[in-house]
Structure formats: C-alpha cells, structure tokens
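Please open the model in your viewer and keep the sequence panel beside it. The stops below are meant to be taken in order, each beginning with a selection.

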Amino acid sequence: MALASLARRKGYLLSRSFSNQTSEVLRYSLSLTSFSRGFASSGSDDNDVVVIGGGPGGYVAAIKAAQLGLKTTCIEKRGTLGGTCLNVGCIPSKALLHSSHMYHEAKHAFANHGVKFSSVEVDLPAMMGQKDKAVSNLTRGIEGLFKKNKVNYVKGYGKFVSPSEVSVDTIDGANTIVKGKNIIIATGSDVKSLPGITIDEERIVSSTGALALKEIPKKLVVIGAGYIGLEMGSVWGRLGSEVTVVEFASEIVPSMDGEVRKQFQRTLEKQGMKFKLKTKVVGVDTSSGGVKLTLEPAAGGDQTTLEADVVLVSAGRTPFTAGLGLDKIGVETDKGGRILVNERFATNVPGVYAIGDVIPGPMLAHKAEEDGVACVEFIAGKVGHVDYDKVPGVVYTHPEVASVGKTEEQVKTLGVEYRVGKFPLLANSRAKAIDDAEGIVKILAEKETDKILGVHIMAPNAGELIHEAAIALQYDASSEDIARVCHAHPTMSEALKEAAMATYDKPIHI
C-alpha cells in the first residue's frame, strides 16, 4: 500500500464519524428549520416513523427504522412493494435484458464456441412470464421482510392532512388516518412527458409499456438516448427490432465520460442501433395504424419523417409528488418540483422529511436506499451519511458501462492536474478466452497525490467490477493502491489493475 494513501486513510477513519454531507445537491440551508424529532399533535405518537412510498428508498427506510427500534408504518399506493424499480423498472428490465442477451448469444455466438443447433426462436410469452415471476417473488420477499421486522404495511394512496397525519385512501375503498412523529416522503418519480405526445402504452409507450409489449415490433423508435432508452432499445434490438434512437442533444448519455461514451456508441451501432442526434420530434401521427414522427434538427431546419410500429418515450423522469398535499402543509419545492431538504433530509416543515427521486440528486434506486438509511439514522439521533460524488452508475446493455466519481470533462472543469490510465479488454486474457473483449477501463487520478478521481468501465459485468473502484474512492485510495492489490488470474478485474498500473506507472500486458 502506498504510504501517502495509508496516511490519507488514517485521517479519513479518524474524521469519518464527524463527516457531513457536503454535496451541493443537498446543501439547502439548515436555517430553514431546526432538527425536530416530533410534532405536537393529538395522537401523533402512534408511529415514530411513517413512510409514504414503498419503493427502494421507502421500504429500506421503513425496515431500517424498525431495526432501530422505531414503531414504523409504510404506505404504498401500488399494492405491491418495490416501487417503480422492482415492479416496472430496474428488475423487469434486467430480466428482459438477460433473456434477450441469451437469445442473441444463442443465435449469433454459440456456434463460435462449438455449440450448434438447427434453429432458435423467441417465445415472447415465456420470456415475459419469467420476468413477471422474478418481480412477483421479489415483491413478496419485501412483504416478508416487513413482517420479519414488524413494519406495519398500509396499501393505499396517502396525502397529508397535517405535518403529523396522513389520510390514506386504501386500495379496498376505505379511508384511514395514519399518524406519526416523523413522516418521510419517498414517492419516487414518474415518466417525463413530451409536449404533443400522448402515451397510450400500446403504440406510444413509456418504459412501463416497453416492458410488456405483446409482440416484437419491426421498427422501434426510442426518443431519448439515456440509460433507460438504450437499455430498452437493446432488449428489442436483440429480439429483432430495427431500433432508431432520436436524441435532442449532440451526444448519448450526457453524464458519461466523453471518451467512453464515443466507444460505447460505436459498439451499439455495430449491434445495429441507429442514432439521430441533435434531432427533435415536432409531430406525431398515429392515424395510419403505425406511428409517423415528424423530425427536425434541434437547431431548426428542414423536416423529415420517421415511421415506426412502436415509439418509446424515454426523455427522463420527474419527481412524483402529485396529490400528496404538500402545499397544504407548506413543504417547499424547487422549479422542477423537487422537494428541498437540508443535510438531514428534513424539509422546511418540522417532522417532515424526503428522500430518493423526489429530492435533488441522481434518480437511482441505490441512491434512494442510501438516502433512506441515512434519513432514519438522523431521526433516531444517529449520524447518517451519503456521498453523492461516489454513487456508481450503470448502463445494463452489453457490454455494460459503469462509472463512479468524476469524468475527464468534470476534472478539466475543476482545473485539477490529473493523469489518465487506460487498459483495453482486448488485452485481458479472460475476456479473450470467452470471446467477449469489447470494452475499456479508464482511471483518472490527481497528478500530485495519485488519489483516484474517477473510474469508468465498459465491459461485460462492468456493473459488478465498478464496486472495487467505488470502495477505492470512498477511502481516498491511490491508483497505486489498486495496482498493488493481487487480483486473481484470469479475471476481468485484472483490467482494472492494469489500468491502475497505467495511471501511476506502466501496465504489464500492453
């Protein structure tokens, strides 16, 4: 281990218990409200914590609160736990990504490995059934965790009556009032709509509809080149759709490191995905049975048309706070509808908190989970902590693209002198052995100290590989620290080691 990194780590460990969240996205002034664990109201002590929303942030917050000895109730309108992520997001999409990848490999790659058969076909109902089974098993599993941890579960739509009372219209048609000293808003996000485009979940679909198509479209147009659009485009592209992605910006996935982004786009194009960048949709016609889109350059110009059987609208997500009664109790939001909170996730209303997609920050399930744990720890009188600069992000295509920390563009903007180390998967023995060597590992480190600033991986299972880098960033490790850790051979993890060697010195295998 590098001595400089060891010194930094000792300092980190000494100061960690006193750390606070310095991320700009949550630095809403503590002067708005003093920290309060209660609210004076009749019967408000029925629950220590009430959570509105049973998604990744909400159900995790509820379980953690119960584990800390707080009497807890979770309210969820869907009737099944897990929120968008588990029901119509992360989990079903990953099920279809895996199933479609298996089909694509069987059709296009198995023969290279000596596995031959006369034909292969898609059984779409069976594929959808496997997806639905995974979702059902996991939602029931969360209900089991609620019972195990003694979390009270109320199925219905909750809205504020007062800062300590939530009126719930239950899914069986009744109404009940749930009271609590502390109420956490964890209602997540919804699909962002586009002007002039009506989503019917049949021909024009959101990500929800794209997970439940009854047949494989011949032509699929995806509006939006972000994580969700590229993942769902990959699913249907592998199954046989001709996929065209229309993006207003000049690049796909704008949050991604520029160099990795360009290589990623080339890979998707080789897989058959087409891109129309710097392009906007100005008209939609569904009168002919299909969908005809009218397009024009983002900067203005001549219009063109593009026909499709199905159009996926994937232009981002927006905080879901409709009907919660936030205005009734005076909870402050920003122009984007996000709830403003301080470093303890407290709103300007004493006793009311918010986490996950409804507050500023990355709209990611794992970020919401961390919010939930930290928020409840603050409520319980402990110290919570989430560092939004070290939240990993993953695009679950094939290859996957994962990152944590700063991009090269962000480092340049900060004016920090840095070094870059890169290692291609083409030089990794495991990737070559399994004939899956498309990708790269890229590390950015501060020039003077060798402290790692960001790591970007495009590789099979990049979403798994990224966590070694996430730990390194969390403990202020240097690239030399990673390089001097013995990595098993042959593994794709060795590509990270080699990239680290390239950052502070020289790699061995290239």
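Select Lys278, which lies in the loop between β11 (274–276) and β12 (279–285); helices (H or I, at least four residues) and strands (E, at least two) are DSSP runs, numbered from the N terminus. This is a predicted model, in which local features need pLDDT of at least 70 and side-chain atom pairs count only at pLDDT 80 or more, while totals for chains, interfaces and linings use all residues. Residues are numbered from 1 along each chain as its sequence is written, and side-chain values use heavy atoms, with hydrogens and water left out.

Although Lys278 is not a glycine, its phi is positive, at about 50°. Most residues other than glycine have a negative phi, and most peptide bonds are trans. With a relative accessibility of 53%, Lys278 counts as exposed, where exposed means over 50% relative accessible area, buried under 20%, and partly exposed in between (1.4 Å probe, protein chains only).

Is Asp450 buried or exposed? At 7% relative accessibility, Asp450 counts as buried.

## Second stop: two cis peptide bonds

Select His398 and Pro399, which are joined by a cis peptide bond with omega of about 0°. Pro399 is found in the loop between β18 (393–395) and β19 (400–405).

Then select His489 and Pro490, where the peptide bond from the histidine to the proline is again cis, with omega near -5°. Pro490 belongs to the loop between α14 (479–483) and α15 (493–504).

How many aromatic pairs does a search of the whole structure find? The search finds two, where rings of Phe, Tyr and Trp (its six-membered ring) pair if their centres lie within 6.5 Å, and planes under 30 degrees apart count as stacked, over 60 as edge-to-face and the rest as tilted.

Select Phe110 and Phe117, an edge-to-face pair with 6.2 Å from centre to centre and 80° between the planes. Phe110 is partly exposed at 31% relative accessibility, and Phe117 is partly exposed as well, with a relative accessible area of 42%.

Now display Phe146 and Tyr153, whose ring centres are 5.8 Å apart and whose planes stand at 85°, so that this pair is edge-to-face too. Phe146 is buried at 1% relative accessibility, and Tyr153 counts as buried with a relative accessible area of 19%.

Select Val331, in the loop between α9 (326–329) and β17 (352–354). At 8% relative accessibility, Val331 counts as buried. Which residues does Val331 touch, not counting those up to four places away in sequence? With contact meaning heavy atoms within 4.5 Å, Val331 touches Leu326, Ile339, Thr347, Asn348, Val349 and Val352. If you draw a line from the C-alpha atom of Val331 to that of Tyr353, 22 residues apart along the chain, the separation is 9.6 Å.

Ser193 comes next, in the loop between β7 (189–191) and β8 (204–205), and is exposed with a relative accessible area of 55%. Ser193 and Ser314 are 121 residues apart in sequence, and their C-alpha atoms are 8.6 Å apart in space.

Finally, select Gly272, in the loop between α8 (258–270) and β11, which is partly exposed with a relative accessible area of 41%. The C-alpha atoms of Gly272 and Gly439, 167 residues apart along the chain, are separated by 17 Å.

## Last stop: the whole chain

Of the 510 residues, 51% count as buried. Among contacts between residues at least 6 apart in sequence, 64% join residues at least 24 apart.
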